[in-house]
Amino acid sequence: MKKLLRKFRNLKFRYKLTLLILASGLIPVAIIVVYMQYGMMNLLHGNEIDNMEKMLEQSVESIENQARIYENLVDYLSYSQDLRTILTSSPESDYATYLEYVDVADPLLQMPQVYHQEIEGITLYSESITVPHGDTLMPLDRAREQKWYPSLNDGTLMQWTVTRGAGQEITASRKFYDDETITAVLAIRLDYGSVLEPFSSQLRDNTGGIILDDSGEVVYSGFSMEEKYRPDEPESLDYIQSHYSCSVRDMEGTGWKFCVYRPTEIITESAAGLMMRNIPIVCVCIVLMVIVGYLFSRRMVSCLELLTENMNQIHMGFRKVTVSSSSNDEVGVLIRSFRRMMDQMNHLISEVYEGEIKLKNSEMKALQAQINPHFLYNSLSIINWKALEAGEEDISRVTLALSTYYRTSLNRGETMTTVENEISNIRAYLKIQLIMHDDSFSVQENINEDTLTYEIPKLILQPLVENAIDHGLDLSEKEEKNLQITVEQDEDYLIFAVADDGIGMEQEKAEQILTYQSPGYGVRNVCERIQVLYGKEGLMAVESSPGQGTKVTIRIPKKAGKKVQ
């Protein structure tokens with residue numbers, strides 16, 4: 001997390017603004033997409049539940065209508081006077097009884113099967129019947145042998161009993177009482193599949209259903225689903241309700257509970273499908289948001305970037321302000337304030353430079369005024385003649401070299417001189433230094449004769465030579481020491497170089513010689529004078545390596561110094 005924050009802080013402001021715009025747009029889009037997806041899922045789930053409830057309502061109502069028909073049929077048969085007469089009368093003979101059964105009971109109990117094909121049979125069990133008559137009339141003891149009899153309660157309402165397995169069927173039965181004694185039971189056997197067909201036929205397209213009776217026993221369980229959606233416990237209502245989207249409805253009269261269920265994953269997949277259709281639109285919106293955000297940030301930050309670039313150029317020494325703005329916002333105010341500040345700074349810098357130049361010229365002239373050239377030259381001439389009279393040639397050479405050195409240094413008070421005079425000055429200075437050092441080092445010159453007539457600032461090589469001798473050659477323990485002076489030119493520049501093979505130094509320390517961090521003044525003074533006179537076109541550089549020596553290079557534009565004829 002810290003690395004990400006660090007990377008974000010180091011990003012350009014344009015990209016930061018683009019990311020912020022993108023984030024401010026993506027967050028609402030993400031919230032809207034999530035909200036729409038959640039609402040879509042709820043809507044689809046609600047629609048699915050409504051569809052299942054409607055389907056369940058239709059199928060249950062259909063079964064309820066059939067159940068009412070059977071109840072009405074049972075009521076009709078239960079209150080049929082003809083049947084009651086058969087159960088309570090005492091026929092004169094068995095034949096008469098048989099005739100009553102055939103003429104009265106059979107038509108009443110068999111005719112409903114003609115109109116209702118789902119009725120497999122109607123049987124009346126009674127204590128007054130001693131001999132079974134087909135499947136219509138049976139002794140009461142036979143009823144007690146049936147599977148459905150134990151489930152009958154003590155009431156007189158019709159009871160529904162379901163037998164599952166090989167001989168599956170549905171039985172609707174009702175007891176008849178005489179006081180508190182059961183005298184008869186009427187049972188209607190119904191086809192299991194036909195009765196439940198309105199419900200089972202709806203179970204398609206990954207739909208399942210389960211029916212429970214009033215005691216919680218499973219009356220029916222079925223499903224039409226793909227393998228991955230099938231329930232592990234298809235006859236457990238609790239499992240169905242916890243793992244599927246379902247709708248439950250109770251059936252009046254029978255006490256049965258109907259449940260229709262579908263996999264919730266189907267609803268989720270439907271919502272995902274709708275979402276996939278919207279993904280291209282969302283992606284297009286995101287791409288447009290990125291493009292618009294980038295263009296907007298680029299437009300907003302362009303002035304700041306120009307201002308930053310201009311500041312970097314000023315830091316490198318180019319003090320010209322190139323950025324401008326006419327807007328009245330904060331950036332425009334900042335740019336105009338920056339321009340005013342740089343104008344004032346340039347004005348102050350110009351004043352300071354001009355003041356320094358005037359001060360240096362004044363100091364130079366004051367110093368030169370204190371020295372009487374004629375008096376100095378006459379004195380050195382007398383010393384030279386006295387040395388010759390005394391036979392001291394070394395003293396004579398030093399005196400002549402010193403006279404030449406001061407003549408070229410003072411240069412009649414002028415601050416500019418020719419390359420030729422500067423070389424003469426250095427030669428005189430080196431004669432003195434070689435005598436002082438007992439010729440402990442050698443000097444090589446590489447002077448381009450075409451450069452001798454150009455004007456340059458005076459005394460720009462002497463501090464470099466002095467520095468090379470004092471801090472380079474004198475400290476070296478080499479047997480052979482060399483000092484090289486080079487004057488070259490190219491198309492636009494005069495190039496001066498002073499190189500020694502002394503002790504050298506680290507490059508980082510060498511670069512400090514030209515700055516205010518240097519304790520010495522001579523070389524730094526030369527650098528400042530070149531910068532004042534030639535600006536960015538004047539260049540001074542130091543190259544050094546420990547044990548290898550040091551090289552100082554000066555580049556002066558030729559156009560700045562007119563050629564003396």
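Modeller: Two strands count as paired if DSSP finds at least two bridges between them. The model discussed here is a predicted one.

Colleague: How many bridges join strand 15 to strand 16, and in which sense do the two run?
Modeller: Strand 16 covers residues 549-557, and Ser545 stands opposite Gly549 in that strand. As at least two bridges are needed for a pair, strand 15 and strand 16 qualify with seven bridges, and their sense is antiparallel.

Colleague: In what order do the five strands of the open sheet stand?
Modeller: The pairing in this five-stranded sheet is mixed, and its edge strands, each pairing on one side only, are strand 11 (442-447) and strand 15 (539-545). From one strand to the next the twist averages 10°. Read across the sheet, the order is 11-13-14-16-15.

Colleague: How many residues lie between strand 13 and strand 14 in their hairpin?
Modeller: Strand 13 and strand 14 run antiparallel and are joined by seven bridges, with Glu488 opposite Ile495 in strand 14. The two strands form a hairpin, and the number of residues between them is three.

Colleague: What angle does the direction of helix 15 make with that of strand 15?
Modeller: Strand 15 and strand 16, which run antiparallel, are the strands that helix 15 (residues 522-534) touches as it packs on the sheet.

Colleague: Which strands form the open sheet of four, and in what order?
Modeller: Its pairing is antiparallel, and the edge strands, strand 7 (218-224) and strand 8 (244-250), each pair on one side only. Neighbouring strands of this sheet are turned by 15° against each other on average, direction ignored. The order of the four strands is 7-6-9-8.

Colleague: Over how many bridges do strand 6 and strand 9 pair?
Modeller: Strand 6 spans residues 207-212 and strand 9 spans residues 257-263, and Gly209 stands opposite Val260 in strand 9. Their pairing is in the antiparallel sense, and the number of bridges is five.

Colleague: Which strands does helix 2 touch where it packs on the sheet?
Modeller: The direction of helix 2 makes about 30° with that of strand 8, while helix 6 (residues 192-200) lies across strand 6, strand 7 and strand 9 at about 50° to strand 7. The strands that helix 2 touches are strand 6, strand 8 and strand 9.

Colleague: Which helix gives the most to the lining of the largest cavity?
Modeller: The structure holds one cavity of 30 Å³ or more, and about 30 Å³ of space lies in the largest cavity. Its lining includes Ile63, Gln66, Ala67 and Tyr70, together with Trp160, Val195 and Met251 among others; by class, seven lining residues are nonpolar, two are polar and none is charged. With four residues, the helix that gives the most is helix 2 (residues 13-78).

Colleague: How far apart in sequence are the parts that the pair of Tyr70 and Trp160 ties together?
Modeller: A search of the whole structure finds seven aromatic pairs. One of them joins Tyr70 and Trp160, whose rings lie 6.2 Å apart from centre to centre with 55° between the planes, a tilted arrangement. Since Tyr70 lies in helix 2 and Trp160 in strand 3 (residues 159-163), the pair ties together parts whose separation in sequence is 90 residues.

Key:
Residues are numbered from 1 along each chain as its sequence is written. This is a predicted model: local features need pLDDT of at least 70, side-chain atom pairs count only at pLDDT 80 or more; totals for chains, interfaces and linings use all residues. Side-chain values use heavy atoms; hydrogens and water are left out. On a 1 Å grid over the protein atoms alone, a cavity is a set of points where a 1.4 Å probe fits but cannot get out, and a pocket is an open set with protein on both sides within 12 Å along at least five of seven lines; lining residues have an atom within 4 Å of a point. Grid points are joined across faces, edges and corners, and a volume is the space filled by probe spheres set on the points. Ala, Val, Leu, Ile, Met, Phe, Trp, Tyr, Cys and Pro count as nonpolar, Asp, Glu, Lys and Arg as charged, and the others, Gly among them, as polar. Axes are lines fitted to C-alpha atoms, for helices over the stretch in contact, and angles run from 0 to 180 degrees between N-to-C directions. Contact means heavy atoms within 4.5 Å. Rings of Phe, Tyr and Trp (its six-membered ring) pair if their centres lie within 6.5 Å; planes under 30 degrees apart count as stacked, over 60 as edge-to-face and the rest as tilted.
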